[in-house]
Amino acid sequence: MADLLIAGPDGRGILGKLTSANLSDSALPDGGCVQSGVAHVRSIILRWDIGNLPAFHLLVGREYSEGVWDALLHAGHEFSLAPFGLQTYQALQSGAAV
């Protein structure tokens, strides 16, 4: 499995363009998960917030990960979605300003 992380206030809006799953706080609280298609790929969506920042882990088969990645970037274009690396992820987890 590949783990793709969507973190930030627009994550729900980006994923909403690619899945029919209900990602509202009441349907998918922090620590919850749901199986759903994301960009027509069977996926597990795990909500695991980083502090107060909404975050969604997308678990997909490795053979589909590049296609899902491309679909996420395309869907996130209007939200100015940008990839981030391990150093930024670690800073987010520690609560440091990024």
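The model is predicted, so local features need pLDDT of at least 70 and side-chain atom pairs count only at pLDDT 80 or more, while totals for chains, interfaces and linings use all residues. Residues are numbered from 1 along each chain as its sequence is written, and side-chain values use heavy atoms, with hydrogens and water left out. Four salt bridges are found in the whole structure, and Arg12, Asp25, Arg47 and Asp49 are linked in a network of such bridges. The largest pocket holds about 540 Å³ of space.

**Largest pocket**

- Rolling a probe the size of a water molecule over the atoms shows where empty space is left.
- On a 1 Å grid over the protein atoms alone, a pocket is an open set of points where a 1.4 Å probe fits, with protein on both sides within 12 Å along at least five of seven lines; a cavity is a set from which the probe cannot get out, and lining residues have an atom within 4 Å of a point.
- Grid points are joined across faces, edges and corners, and a volume is the space filled by probe spheres set on the points.
- The volume of the largest pocket is about 540 Å³.
- The lining of this pocket has 26 residues, of which Leu5, Ile6, Ala7, Ala82 and Phe84 are the closest to its centre.
- At least two lining residues come from each of β1 (2-7), α1 (11-16), α2 (65-75) and α3 (86-94); helices (H or I, at least four residues) and strands (E, at least two) are DSSP runs, numbered from the N terminus.
- Strand β1 gives the most to the lining, with five residues.
- By class, the lining has 18 nonpolar, six polar and two charged residues, where Ala, Val, Leu, Ile, Met, Phe, Trp, Tyr, Cys and Pro count as nonpolar, Asp, Glu, Lys and Arg as charged, and the others, Gly among them, as polar.

**Salt-bridge network**

- Side chains of opposite charge can pair when their charged atoms come close.
- A salt bridge is a side-chain nitrogen of Lys or Arg within 4 Å of a carboxyl oxygen of Asp or Glu.
- Arg12 and Asp25 form a salt bridge through their side chains (2.7 Å, N to O); this pair links distant parts of the chain, with Arg12 in helix α1 and Asp25 in the loop between α1 and β2, 13 residues apart.
- Asp25 also forms a salt bridge with Arg47, where the closest N and O atoms are 2.8 Å apart. Arg47 lies in strand β3 (residues 41-47) and Asp25 in the loop between α1 and β2, so this pair ties together parts 22 residues apart in sequence.
- Arg47 meets Asp49 in a further salt bridge between side chains (2.7 Å, N to O).
- Arg47 is buried at 6% relative accessibility, and Asp49 is buried at 17%; buried means under 20% relative accessible area, exposed over 50%, and partly exposed in between (1.4 Å probe, protein chains only).
- Arg12 is partly exposed at 30%, as is Asp25 at 47%.

- Ser36 belongs to strand β2 (residues 33-38) and is buried, with 14% relative accessibility.
- The side chain of Ser36 makes a polar contact with that of Thr19 (2.8 Å); a polar contact is a pair of N or O atoms within 3.5 Å, and within protein one must be able to donate a hydrogen and the other to accept it, with residues adjacent in sequence counting only if both atoms are side-chain atoms.
- Beyond its neighbours within four places in sequence, Ser36 is in contact (heavy atoms within 4.5 Å) with residues including Thr19, Ser20, Ala21 and Val41.
- The C-alpha atoms of Ser36 and Ser20 are separated by 7.5 Å, and the two residues are 16 apart along the chain.
- His57 is in strand β4 (residues 55-60) and is buried, with a relative accessible area of 11%.
- The side chains of His57 and Asp3 are joined by a polar contact of 2.9 Å.
- Outside four places in sequence, His57 is in contact with Asp3, Leu4, Leu5, Ile44, Ile45, Leu46, Trp48 and Tyr89.

**Positive phi**

- Most residues other than glycine have a negative phi.
- His40 has a positive phi, near 65 degrees; His40 is in the loop between β2 and β3 and is exposed at 85% relative accessible area.
- Ser80 has a positive phi near 60 degrees; Ser80 is in the loop between α2 and α3 and is exposed at 63% relative accessibility.
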